[in-house]
Amino acid sequence: MRYQRIDLNLLVALDILLAERNVTRAAERLHITQSAASGVLSRLRDYFEDPLLVQVGRDMRLTPLAESLVDQVRDIIVRIDSTMAARPEFDPGEAQRHFVIIASDYVSRVLMADVLQRISALAPAITFELRPTSPLMVRDIEQGRVDLLITPAHLVSADHPSTPLFDDTYTVVAWDQNPICKKGLTLDTYHAAGHVAYRYGRGGNPWFEQWYANQHAETRRVEVITHDFNLISRFVIGTNRLATVQTRLATQFEESMPVRLFPLPMNTPRLVEVLQWHKYRETDPGCMWLREQIIETARQLPVISD
């Protein structure tokens, strides 16, 4: 189909070329040969009368015109996807949909495991991909590349709808043979101890790490950095290190590992986890149903007191 002298199929290719900025990777995503992808790029260059992608050293860079097209083309693709996916009714028992959700392994463990169990009985033909959080996760939801994002409230996009899911506090985790189990945890011993800390992606810090850096002049001695919440407790066992994690997660660690939990020797604001989706999927019956399942499961989580 053509519109304004352009094959509309080329819009999909243009979207991927602008995102990848690499003909080989774009060809892989389009499931065509590299020479075919080069041919597509040539046709797009002819239409726009602009090179779009130019070689700079070993990298391909977008021209100013191509930069201006990125958000506009992605917006068109998301609108089309949302229109094609929408149905007047959604029958979970018969529906065959695939949803992509971004959530940390913390959220996956304390919430999404229960969500997926619930949905497996209600909608057995629905499939899921859970992607880890990253510094690019908000961009992914804004560009419609994922269906849902679950993230701390301060990280959501202001341009798309969201709703709070649950909140949490923070708790200190220590090996049950750590000397503080007898002495007790004070602010001084907390600052003096070695710590295990979590980071996502390349240098991205979670809410607590950002808050601590802003509020306390003392620098914690971080001895181990992990990109997996589930490994944090493993890295304190057999050592005198401490880890500061969400209370819901710490409680699960205590149930299955030789660790002790201590309240933080300082006051911290509560962590609020939020569910967000693209504005064009606001009225998609399938997405609406999935959001309801997640929200209802979150309501059933135990209350965490201060």
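# Close-up views of a predicted model

Glu-49 is exposed, with a relative accessible area of 73% (exposed means over 50%, buried under 20% and partly exposed in between, using a 1.4 Å probe and protein chains only). This is a predicted model, in which local features need pLDDT of at least 70 and side-chain atom pairs count only at pLDDT 80 or more, while totals for chains, interfaces and linings use all residues. Residues are numbered from 1 along each chain as its sequence is written, and side-chain values use heavy atoms, with hydrogens and water left out.

**View 1. The whole protein, with 11 helices and 14 strands.** Helices (H or I, at least four residues) and strands (E, at least two) are DSSP runs, numbered from the N terminus. The C-alpha trace spans about 75 × 50 × 30 Å along its principal axes. Of the 306 residues, 47% are buried. Take the contacts with a separation of 6 or more: 76% of them join residues 24 or more positions apart (contact means heavy atoms within 4.5 Å).

View 2. Arg-21 belongs to the loop between α1 (9-20) and α2. At 33% relative accessibility, Arg-21 counts as partly exposed.

**View 3. Where helix α2 crosses helix α3.** The axes of α2 (residues 23-30) and α3 (residues 34-48) come within 8 Å and cross at roughly 105°. That makes α2 roughly perpendicular to α3. Axes here are lines fitted to C-alpha atoms, for helices over the stretch in contact, with angles from 0 to 180 degrees between N-to-C directions; under 35 degrees counts as roughly parallel, over 145 as roughly antiparallel, 65 to 115 as roughly perpendicular and the rest as oblique. Look for Val-23, Thr-24 and Ala-27 of α2, which meet Gln-34, Ala-37, Ser-38 and Leu-41 of α3. The residues of this contact divide into four nonpolar, three polar and no charged (Ala, Val, Leu, Ile, Met, Phe, Trp, Tyr, Cys and Pro count as nonpolar, Asp, Glu, Lys and Arg as charged, and the others, Gly among them, as polar).

**View 4. The largest nonpolar core, with 56 residues.** A nonpolar core is a set of buried Ala, Val, Leu, Ile, Met, Phe, Trp, Tyr and Cys residues joined through side-chain atoms within 4.5 Å. Leu-111, Ile-150, Tyr-190 and Ile-294 touch the most other members. Helix α5 (residues 105-122) gives the most to this core, with seven residues. A second, separate core holds 23 residues, including Leu-10, Ala-26, Ala-37 and Leu-52. In soluble globular proteins, nonpolar side chains tend to be buried together.

**View 5. Gln-246, a buried residue in strand β12 (residues 242-246).** The relative accessibility of Gln-246 is 4%. Not counting residues up to four places away in sequence, Gln-246 touches Tyr-106, Asp-168, Thr-169, Tyr-170, Phe-229 and Leu-271.

**View 6. Helix α10 (residues 247-256) and the elements it packs against.** Thr-247, Arg-248, Leu-249, Ala-250 and Phe-253 of α10 are buried. The buried residues of α10 pack against α5, β8 (162-168), β9 (170-175), β12 and β13 (259-263). Glu-254 is also in this helix, but counts as partly exposed at 40% relative accessibility. Setting aside residues up to four places away in sequence, Glu-254 touches Val-259 and Leu-261. Glu-254 and Val-173 are 81 residues apart along the chain, yet their C-alpha atoms are separated by 8.5 Å.

**View 7. Arg-97 and its polar contact with Asp-284.** Arg-97 is found in the loop between α4 (64-85) and β5 (98-102). With a relative accessible area of 19%, Arg-97 is buried. The side chains of Arg-97 and Asp-284 are joined by a polar contact of 3.1 Å. A polar contact is a pair of N or O atoms within 3.5 Å; within protein, one must be able to donate a hydrogen and the other to accept it, and residues adjacent in sequence count only if both atoms are side-chain atoms.
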